Amino acid sequence: MKSAAYGLVVPTTIDEAIAALVEHGPDARLLAGGQSLMPLMAARVVRPSVVIDLGRVPGLTEIVHRDNHVAIGAMTTQRAVERSATVVQHVPLLALAVTRIAHATIRNRGTIGGSLAHADPTAEIPVTAVALEAVLVVVGPRGRREVAAAEFFVGPNRTLLEPGDVLVEVRFPTAGEMDRVAFEELSRRPGDVAAASAAVQLRLDADGRIARARVALGSVAPTPVRAHAAEAVLIGRLPSDELFAEAATAATAGLQPSSDLHATGAYRRHVAGVLVRRALASATGRPR
């Protein structure tokens, strides 16, 4: 199929983009990398009357290390993030996660901001942002504001973005020297939609105990899930297979994933626990 006819607006500033969104209302869609929007338009799942292309707005493709975080412009491609020495050094969990997104051809066009704004609960970047407590910078008719990743996602393909809002930047906290990371996911084939995923960042103390834990799950709920119960199990304890099994049980307790063509809910829940164990083992250098 081909998309229905639509108008095209190409702003050269954020203010122009906001004005276009306000003018055209709910029938307008922002175009970032287009790797999610264009297939939906081709299938006529969405039929915007106007597409607003952000490709000519300057200043949205920078990757900058500032103090205790790395700021990434919303139009930065996933491939650029994957290849960034700054991201690899300071946000290693994100560097791992982006390599699991579809295929290189998709990552060449797909953007960080586009993935977050699309809010697919199976996607790698949203679950990583929740795990790392990233902060999203939004500009709109009521000014500039910062939104925590855990609050940004409100449902499948739904966010806190209001009419006229544009996501312009994402800030990921930098990892410390004693931080260890891992990202695990399961799909039928490499590049397919994940049946479940687990993002982990652990901080070890001088004695090798887990001083801080960040665990998040994808594909098991309408939004990425932060596994606070699992984190509480891990804090202050030495890594072990028994500990990781206990944490995995805590992480999946109460989960009620939905079933679809990719996996049943019961299978998703089981796999999520397996992936948590694998990620914790990988992060601490233990055999799987």
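Let's start with an open sheet of four strands, ordered S11-S12-S13-S14 and paired antiparallel. Strands here (E, at least two residues) and helices (H or I, at least four) are DSSP runs, numbered from the N terminus, and two strands pair if DSSP finds at least two bridges between them. At the edges sit strand S11 (179-186) and strand S14 (225-226), each pairing on one side only. Keep in mind that this is a predicted model: local features need pLDDT of at least 70, side-chain atom pairs count only at pLDDT 80 or more, and totals for chains, interfaces and linings use all residues. Residues are numbered from 1 along each chain as its sequence is written, and side-chain values use heavy atoms, with hydrogens and water left out.

Further into this sheet, S12 (residues 196-204) and S13 (residues 210-218) run antiparallel and are joined by eight bridges. Leu204 stands opposite Ile210 in S13. Helix H8 (residues 124-131) packs on the sheet and touches S11, S12, S13 and S14, where contact means heavy atoms within 4.5 Å. The direction of H8 makes about 150° with that of S13; axes are lines fitted to C-alpha atoms, for helices over the stretch in contact, and angles run from 0 to 180 degrees between N-to-C directions.

Now for the other sheet. This open sheet has three strands in the order S1-S3-S2, with parallel pairing. Strands S1 (7-9) and S2 (28-31) are at the edges with a single partner strand each, so one side of each has no neighbour in the sheet. Neighbouring strands are turned by 25° against each other on average, direction ignored. S1 pairs with S3 (residues 50-53) over three bridges, and Gly7 stands opposite Val50 in S3. Helix H1 (residues 14-24) lies across S1, S2 and S3, running at about 170° to S3.
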